[in-house]
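Subject: Structure handover

Hello,

Here is the structure I said I would pass on. Please open it alongside this message.

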Amino acid sequence: RRILSGTSTPLLWGHCVYSLNPAGNLACLDAGTGQQLWETGQVTREARGSSACMHMTVKGSSVFIYNEQGELILAQLSPQGYKEISRTALIEPSYSFGGKKLAWAAPSFANRHVYARTEKEIVCAALGK
């Protein structure tokens with residue numbers, strides 16, 4: 001019953017829902033009660049949620065998170081908190097919104113590669129083993 005973000009799809013994983021909240025922070029909610037367990041401002045760069053965006057894809061016991069700055073983050077999410085493993089700039093944001101350049105299109109994953117695009121380019125990056 002609680003709407004978290006209009007720009008990012010939430011992730012239901014285990015007994016938790018992970019999504020951006022209206023402030024633009026990644027939040028973890030108990031899926032059964034809706035109670036917020038934690039939030040962090042480490043995933044997106046926006047202080048206000050209007051242009052914050054992220055897309056999450058589960059990879060084993062971790063999650064790939066792609067943010068509005070074109071960064072790909074590998075992190076562990078749990079009811080106890082957010083633990084960043086690595087972060088890399090994947091593509092240069094190019095969509096103009098509110099005086100900023102953003103990357104809003106969701107990435108795709110196939111055959112150990114990630115594909116990301118903007119209005120100007122598309123990139124393919126190997127994810128390793």
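Below is what was found in it, from the whole chain down to single residues.

The model is predicted, so local features need pLDDT of at least 70 and side-chain atom pairs count only at pLDDT 80 or more, while totals for chains, interfaces and linings use all residues. Residues are numbered from 1 along each chain as its sequence is written, and side-chain values use heavy atoms, with hydrogens and water left out.

Overall make-up

The protein has 13 strands and 0 helices. Both kinds of element are DSSP runs numbered from the N terminus, a helix being H or I over at least four residues and a strand being E over at least two. The C-alpha trace spans about 40 × 40 × 20 Å along its principal axes. The radius of gyration is 14 Å, which agrees with the value near 14 Å for a compact globule of 129 residues; it is taken over C-alpha atoms, and the globule rule is 2.2 Å times the number of residues to the power 0.38.

Of the 129 residues, 42% count as buried. Buried means under 20% relative accessible area, exposed means over 50%, and partly exposed is in between (1.4 Å probe, protein chains only). The protein exposes about 7300 Å², and carbon and sulfur atoms supply 50% of that area; the areas come from the Shrake-Rupley method with a 1.4 Å probe, and for residues only the protein chains shown count as cover.

Among contacts with a separation of 6 or more, 41% are between residues 24 or more positions apart. A contact means heavy atoms within 4.5 Å.

Cores

In soluble globular proteins, nonpolar side chains tend to be buried together. A nonpolar core here is a set of buried Ala, Val, Leu, Ile, Met, Phe, Trp, Tyr and Cys residues joined through side-chain atoms within 4.5 Å. The largest one has 17 residues, and Tyr18, Leu26, Met56, Ile65, Leu77 and Tyr82 touch the most other members. Two or more residues each come from β2 (16–20), β3 (26–30), β5 (54–59), β6 (62–67) and β7 (71–78). Another core, of 10 residues, lies apart from it and includes Phe64, Leu72, Leu74 and Ile91.

Leaving aside neighbours within four places in sequence, Leu77 is in contact with Trp13, Tyr18, Leu26, Trp38, Met56, Val63 and Tyr82.

Single residues

Most residues other than glycine have a negative phi. Asn111 has a positive phi, near 50 degrees, and Arg112 has one of about 60 degrees. Asn111 lies in the loop between β11 (108–110) and β12 (113–117), and Arg112 is also placed in the loop between β11 and β12. Asn111 counts as exposed because its relative accessibility is 72%; Arg112 is exposed too, at 60%.

Tyr95 is in strand β9 (residues 95–97) and counts as partly exposed, at 34% relative accessibility. Beyond neighbours within four places in sequence, Tyr95 is in contact with Lys100, Lys101, Leu102, Trp104 and Glu119. Tyr95 and Thr118 are 23 residues apart in sequence and 7.1 Å apart in space, C-alpha to C-alpha.

Gly34 is in the loop between β3 and β4 (36–40) and is partly exposed, at 29% relative accessibility. From Gly34 to Ser96 is 62 residues in sequence and 34 Å in space, C-alpha to C-alpha.

Regards
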